Amino acid sequence: MTLASSSIDQATFHNSFVEELRGEPAGDNRPRQVPGYAYSRVTPTPVHDPHLLAWSDELAALLGLARPAERGPAVDVLAGNRLAPTMQPFAARYGGHQFGSWAGQLGDGRAISLGELAATDGTRWEIQLKGAGLTPYSRRADGRAVLRSSLREFLCSEAMHYLGVPTTRALSLVATGEQVVRDMFYNGNPQPEPGAVVARVAPTFVRFGSFQIFTANGEIDNLRALADYVIRRHYPELGEPSPAVYVRWFEEVCRRTAVLVAHWMTVGFVHGVLNTDNMSILGLTIDYGPYGWLEPYEPDWTPNTTDFATHRYAFGQQPRVGMWNLMMLAQALIPLVADVQELRPGLDLYAATYSKTYHMRLRQKLGLTAGPAPREDDQALLTDLDAALTAAQADMTRFFRQLAHAVPSLKDAADREEATLQELLADVSYTTEADAHEPLLTWLRRYAQRLRQEPTPAGIIRQTMLAVNPKYVLRNYLAAQAIEGAEAGDLTFLNRLMQVLKTPFAEQPEHDELAAKPPEWAREKPGCATLSCSS
Ligand code: AMP
Ligand code: MG
């Protein structure tokens, strides 16, 4: 059955989270501990003048929703100014480890879930407004979000989806017509900034921290109820919940998390704040804050100024942090299993799946099929790339993309090899020092030799590489330009970026400049090179 597109204010919402878990009735939104409950019923706080800035047509089509006018009842819903009759909005309670320390109760301090919509394919999607006002979990903050960070979340979650990286989605970006005060640089200079609300979409927003809070507080009934909810609704293939099924479910969470982190590591994404409250139980990228994309390849790089002292969440730390976070989840699940040792295989599976997936994806990026080279030689080639890219300060995205283009000459024109390599290095490196280029040059010569052993024709290798190495990613300086435009009321650049990032593997030569290395002005500029958590 094909359903005609409807307006979100007319849509029918389902409320499984509210119906199946224990929640606190709507009360006041004073910040407080909420022991004994999985969520609090809340109502979004209306904003002054909601108007639509951006809309995800493809996601909307999946949800059977029509693009709304700039102002009107649908946009009122997407800003929290109006509720559809079937909605039972709530803020979820969760806890988490922040930068390695247990932080106790956190919860949806500014995110309010409206309920679930059934998509045209029968799947169900929770719709959540981020920046919709105070909840009992707002602690000392205001429940709001600024346009700058909302636009970054909107753009990046959709861009990640089109890159094939598991992620929460974003349906709309709505300006509130209100100002929000933020100390962007944490330097004692709070400034008013335009506010916004993003409608985020995912099968569920349950996090590792959602389980941790219950175990930490000895609420084992709530712990089991949440695990059962997640398994029945989101892992039905595992069967009816039981101690053995909890173990298999944990293994599946470990497996998905490993695949997720392997994606990040092969696309150059740095999440920036991998606290356990920012880890999705479905293995999705969740909570886009001070994230960034590697430009000069550097394992120790983080865009998050709040993490400059420790680099805990730097690019190269992400695989280890994934493991640490899963260990924290395992601890939270101990009350559900017969023997804590049963959770060990899940952690081993994480390590094995990560390594396997990462190397498989890297081989694809390099266009290496099951050629005649001994596997150990290939393995050394893969392992040595990391240090060579780091030394050369190679732009990660451009390196793999330009390498694909270089394949035909590297494979079939050995006499032009040196010229090709010099050209490639000049294109991708952020330094002109010959010493810095040397390790990558050496690596590339080995790679060219290996390529010549590939049985597949160069043109086909090039094509397969172009299909897995994106040309366009949401470089921070591009997001910064979209923000600057949007804050001045000009959505041209935002719209253009949205469009280009829908087909990141396509050449789109008319948009070449959006694949360029950051210009000089963006190298050190806050909001381009680095970001704070202040959002
Ligand atoms: P995050 O750093 O976005 O993962 O947020 C960590 C915690 O702080 C979560 O519980 C958020 O809900 C809460 N939080 C962050 N910003 C705000 C805000 N402006 N208002 C209320 N709560 C917030
Ligand atoms: Mg968070």
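User: How much accessible surface does the protein have, and what share of it belongs to carbon and sulfur atoms?
Analyst: The accessible surface is about 20700 Å², and carbon and sulfur atoms hold 53% of that area. Such areas come from the Shrake-Rupley method with a 1.4 Å probe; for residues, only the protein chains shown count as cover. This is a predicted model, in which local features need pLDDT of at least 70, side-chain atom pairs count only at pLDDT 80 or more, and totals for chains, interfaces and linings use all residues. Residues are numbered from 1 along each chain as its sequence is written, ligands are numbered from 1 in the order in which they are written, and side-chain values use heavy atoms, with hydrogens and water left out.

User: What share of the residues is buried?
Analyst: Of the 535 residues, 58% count as buried, meaning under 20% relative accessible area (1.4 Å probe, protein chains only).

User: Now the metal. Which residues coordinate the magnesium ion?
Analyst: Asn278 (OD1) and Asp287 (OD) coordinate the magnesium ion (ligand 2), at 2.0 to 2.2 Å. Donors are N, O and S atoms within 2.8 Å of the metal (3.2 Å for Na, K and Ca); water is not among the atoms, so sites may look incomplete.

User: Are those two residues buried or exposed?
Analyst: Both asparagine 278 and aspartate 287 are buried. Aspartate 287 counts as buried because its relative accessibility is 13%.

User: What is the phi of aspartate 287?
Analyst: Aspartate 287 has a positive phi of about 65 degrees, although it is not a glycine. Most residues other than glycine have a negative phi.

Terms used:
Buried < 20%, exposed > 50% of the residue type's maximum accessible area, 1.4 Å probe, protein only.
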